[in-house]
Amino acid sequence: KGKCPEDGWDESTIELFLHELAIMDSNNFLGNCGVGEREGRVASGLVARRHYRLIHGIGRSGDISAVQPKAAGSSLLNKLTNSVVLDVIKLAGVRTVTSCFVVPMATGMSLTLCFLTLRHKRPKAKYIIWPRIDQKSCFKSMITAGFEPVVIENVLEGDELRTDLEAVEAKIKALGAENILCVHSTTSCFAPRVPDRLEELSVICANYDIPHIVNNAYGVQSSKCMHLIQQGARVGRIDAFVQSLDKNFMVPVGGAIIAGFNESFIQEISKMYPGRASASPSLDVLITLLSLGTSGYKKLLKERKEMFSYLSSELKKLADNHNERLLDTPHNPISLAMSLKTLDETNDAAVTQLGSMLFTRQVSGARVVPCGSVQTVNNYTFKGFMSHTNDYPCAYLNAASAIGIKKQDVDVFLKRLDKCLKTFRKEAKQENCKNEISDANAATEQLED
C-alpha cells in the first residue's frame with residue numbers, strides 16, 4: 001500500500017525485504033555481463049554488505065525520481081521510501097501534503113535546489129525575503145543559488161523574537177513583487193526566536209503572487225510546527241517545505257525531504273537535481289520507519305513532548321536558584337532559553353567560558369549566546385550573531401528537547417549545568433572578598449598616612 005506499517009518489523013524481516021529488492025538489480029544477477037561504465041561493481045565486500053548490495057543509487061541522469069531499468073530493486077526502494085515518508089508527514093500533522101521525495105543532501109543544499117527551480121519560473125527575480133534566523137546554512141543556501149537575501153529583522157515581543165510582518169510587506173512593495181523570487185520562512189529555531197508567523201506570511205505571498213519556501217529543518221517532530229505549515233497552506237500559499245532526515249528520524253546526516261502541496265512543482269524540483277543520487281539516505285530512513293512503524297514513531301513524538309515539559313519545569317527551577325530566569329517563549333515548541341544576565345555582568349568572558357565548561361563535561365548541543373557578537377557570513381555582517389537580532393537584552397543558554405531525548409539526558413545536563421554555575425558563583429564570591437580586602441587595606445593605609 002506504500003504506507004508505513006502500524007507495527008514495526010523485526011530486523012530479520014527488514015533484511016529479507018532488502019535482500020529481495022537487491023536481487024532485482026542487474027549487478028546482482030547470476031551470469032550478468034556488464035559492459036557499461038556504471039555496472040554496480042564494488043571492490044570491497046564490506047562496502048557491498050553495508051549497502052545491502054543496492055549499489056546503483058536512485059534516479060536517472062535527468063530525474064532523481066525516475067526508474068532505472070537495470071536497477072528495478074533500487075528504483076522500487078526509492079518509490080517506497082517516498083511513499084512511506086509522505087504517509088509519516090501526514091501522520092505528523094500536514095494532512096493535505098500531496099507529494100514529497102527524499103534527496104541525498106542536507107537541508108541547506110535542498111533549499112538551494114528549491115530556489116534554483118524557482119529561477120526558471122521567475123527569471124527576473126533576484127531577491128529572497130528572509131526573516132532573520134542566525135543559522136549559516138539557510139543563509140548560505142540563498143547565496144549559493146545566486147540570489148540576494150533581504151534580511152528582515154525580527155521584533156521583540158516580551159522575550160520572544162517574532163516575524164515583522166509590516167517590514168516584510170513594506171519590502172515587497174519597495175522591491176516589486178516581480179523582482180522577488182520567494183519568501184524564505186522558518187519553523188524550527190533556537191529560542192528566544194520562535195517559528196515565523198506562517199499563516200500571515202502565506203496570505204501575503206498569495207496576495208502578491210510570490211512563492212513561499214519553508215525551512216522546516218527539525219519541525220516534523222513538532223505538532224505545532226506541522227500545524228503552522230498545514231494552516232499556512234490552507235489560508236495562503238506554501239510552495240515547498242524542507243526538513244532534515246537526521247534531526248527528525250534519527251538517521252545519519254546527509255538527507256532531507258522536500259515536500260509540498262502541488263505535485264507538479266515538487267516533480268519539477270526532483271527533475272532539477274542533476275544526475276543519479278546516493279540511495280543511502282533513502283535506505284536509512286526506510287529501514288528506520290519499517291522498524292518503528294507508525295506506533296513507534298508516534299510514541300517517540302509523545303515522549304519528546306513530555307520531555308519538553310519536564311526540561312522546561314526543571315530548567316526554570318535551576319534558573320531561579322541562580323537568580324536567572326527561564327525566558328518566556330511559549331511559541332517555541334522545541335527549544336528553551338535561560339538568561340545568563342548575572343554571569344554576564346560578573347565577567348565579560350564568563351558566558352563563553354560556560355559553553356566551554358559544558359562541552360568539556362560532555363554536554364553537547366547546549367548553545368551559550370553572549371551579547372553583541374559580530375560575524376560576517378558571505379560578506380553580510382550580522383550584529384548580535386546567534387541571537388537572531390542586533391541587540392537582545394541579555395546573554396542566554398539554549399537547550400532543546402528533540403526527538404529521542406531521554407529523562408536521563410535532561411537530569412545529567414541540569415546536574416552539570418548547576419555545578420558549572422556554582423563554580424562561577426564561588427569564584428565571584430572569592431573575587432569580591434579579594435576586592436573588599438584590597439579596599440580595606442587601602443583605607444587602612446590612608447588612615448595611617
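Domain 1 and domain 2 bury about 3,400 Å² between them. Buried area here is the accessible area (1.4 Å probe) that two parts lose on being put together, summed over both. Carbon and sulfur atoms carry 62% of it. On the domain 1 side, Asp-134, Asp-159 and Gln-221 lose the most area to domain 2, together 19% of what that side buries. This is a predicted model: local features need pLDDT of at least 70, side-chain atom pairs count only at pLDDT 80 or more, and totals for chains, interfaces and linings use all residues. Residues are numbered from 1 along each chain as its sequence is written, and side-chain values use heavy atoms, with hydrogens and water left out.

The domain assignment, automatic or from a database, gives domain 1 (11-293) and domain 2 (297-424). Their C-alpha centres lie 28 Å apart. The contact (heavy atoms within 4.5 Å) takes 38 residues from domain 1 and 40 residues from domain 2.

The count between the domains is 1 salt bridge, a side-chain nitrogen of Lys or Arg within 4 Å of a carboxyl oxygen of Asp or Glu. Asp-159 forms a salt bridge with Arg-325, with the closest N and O atoms 2.7 Å apart.

The largest nonpolar core has 79 residues. Such a core is a set of buried (under 20% relative accessible area, 1.4 Å probe, protein chains only) Ala, Val, Leu, Ile, Met, Phe, Trp, Tyr and Cys residues joined through side-chain atoms within 4.5 Å. Ile-89, Phe-115 and Ile-258 have the most contacts inside this core. The core draws at least three residues from each domain.

Methods: Buried means under 20% relative accessible area, exposed over 50%, partly exposed in between (1.4 Å probe, protein chains only).
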